[in-house]
Amino acid sequence: MKIQSHFADLDTPTGIMRTYIHRPVGEGSYPVILFYSEIFQQTGPIERAARLMASHGYVVLVPEVFHELNPIGTVLSYDDAGRDKGNADKENKDVQGYDTDNEALIKYAKQQSWCNGQFGAMGYCIGGHLAFRAALQPEVKGTACFYATDLHIQKIPNKPGQHSMERLADIKGELLMIWGKQDNHVPSEGRTLIYSKLNETDIPFTWHEFNAEHAFMRDEGDGGRYDAQTAQIGYQLALNLFSRTLC
């Protein structure tokens, strides 16, 4: 499908959140995917991925995940300075701030003619964690988490009982968990911990591990990590999930 792109600046309890919107051209209402970036915000690879998903008949919303900590429109570079700034931002935003961001995104989308009321979530790296966090919202029926960081450790600031893995009872939709076996950010023992905790619940989920590194979906920066063939499988798995759950 042909798509169009624009943005909206949304009010949240922690400030204005610029949100990039990619959606099919023309009239009609579609399922909405809340798409969460890496620490670098909407870079070229994130925008291309969002537009790819939109071309399959979805409205894809890409919020600036650290809107409280940066000027509107900030995109961090895939270099040491960008990585240091993004990691510092991650450690300075309480996880509950993402909950109010999610609420603002869903409220906004529900008011738009292009939204059919069906919601999913998707994300890479910290965005995989934030997509997992979005699954706590009752409207979110399907969530695709790609190499989600910090689910297995206490890294993102949170109040007692608010770590994402302590909120599993609030997840009502289906999860798709995708990992790289050579991911140094989420090692084997971390993945085992996450899998075990999910397996103790009634949450419907699928689990895929590929012989790939962290950020294998990213087609720019750290070029040795990108695996185009595996990335295509990842997109197909996410599209399969959303075709079943957002209908």
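I take a nonpolar core to be a set of buried Ala, Val, Leu, Ile, Met, Phe, Trp, Tyr and Cys residues joined through side-chain atoms within 4.5 Å. Buried means under 20% relative accessible area, exposed over 50%, and partly exposed in between (1.4 Å probe, protein chains only).

The model is predicted, so I note that local features need pLDDT of at least 70 and side-chain atom pairs count only at pLDDT 80 or more, while totals for chains, interfaces and linings use all residues. Residues are numbered from 1 along each chain as its sequence is written, and side-chain values use heavy atoms, with hydrogens and water left out.

Entry on the cores. I looked up the largest nonpolar core and found 51 residues, with Phe 132 and Leu 198 having the most contacts inside it. Helix H3 (residues 95–110) gives the most to this core, 7 residues; helices (H or I, at least four residues) and strands (E, at least two) are DSSP runs, numbered from the N terminus. A second, separate core has 32 residues, including Ile 3, Tyr 147, Leu 176 and Phe 210. I then listed the contacts (heavy atoms within 4.5 Å) of Phe 132. Leaving aside neighbours within four places in sequence, Phe 132 touches Leu 198, Met 165 and Thr 143, among others.

Entry on helix H1. I checked residues 44–54 and found Pro 45, Ile 46, Ala 49, Ala 50, Met 53 and Ala 54 buried. These buried residues pack against strands E1 (3–12), E2 (15–24), E3 (30–36), E4 (59–63) and E5 (115–124), and against helix H6 (228–245).

Entry on Thr 245. I located Thr 245 in helix H6. Thr 245 is buried, at 15% relative accessible area. Leaving aside neighbours within four places in sequence, Thr 245 is in contact with Gln 118, Lys 141, Gly 142 and Glu 174.

Entry on salt bridges. I used the rule of a side-chain nitrogen of Lys or Arg within 4 Å of a carboxyl oxygen of Asp or Glu, and the count came to 16. Arg 48 pairs with Glu 220, with the closest N and O atoms 3.2 Å apart. Arg 48 is in H1 and Glu 220 in the loop between strand E8 (205–213) and H6, so the pair ties together parts 172 residues apart in sequence. Arg 48 is partly exposed at 41%, and Glu 220 is partly exposed at 35%. Lys 93 and Asp 101 form a salt bridge at 2.7 Å, N to O. Lys 93 is buried, at 4%, and Asp 101 is buried, at 4%.
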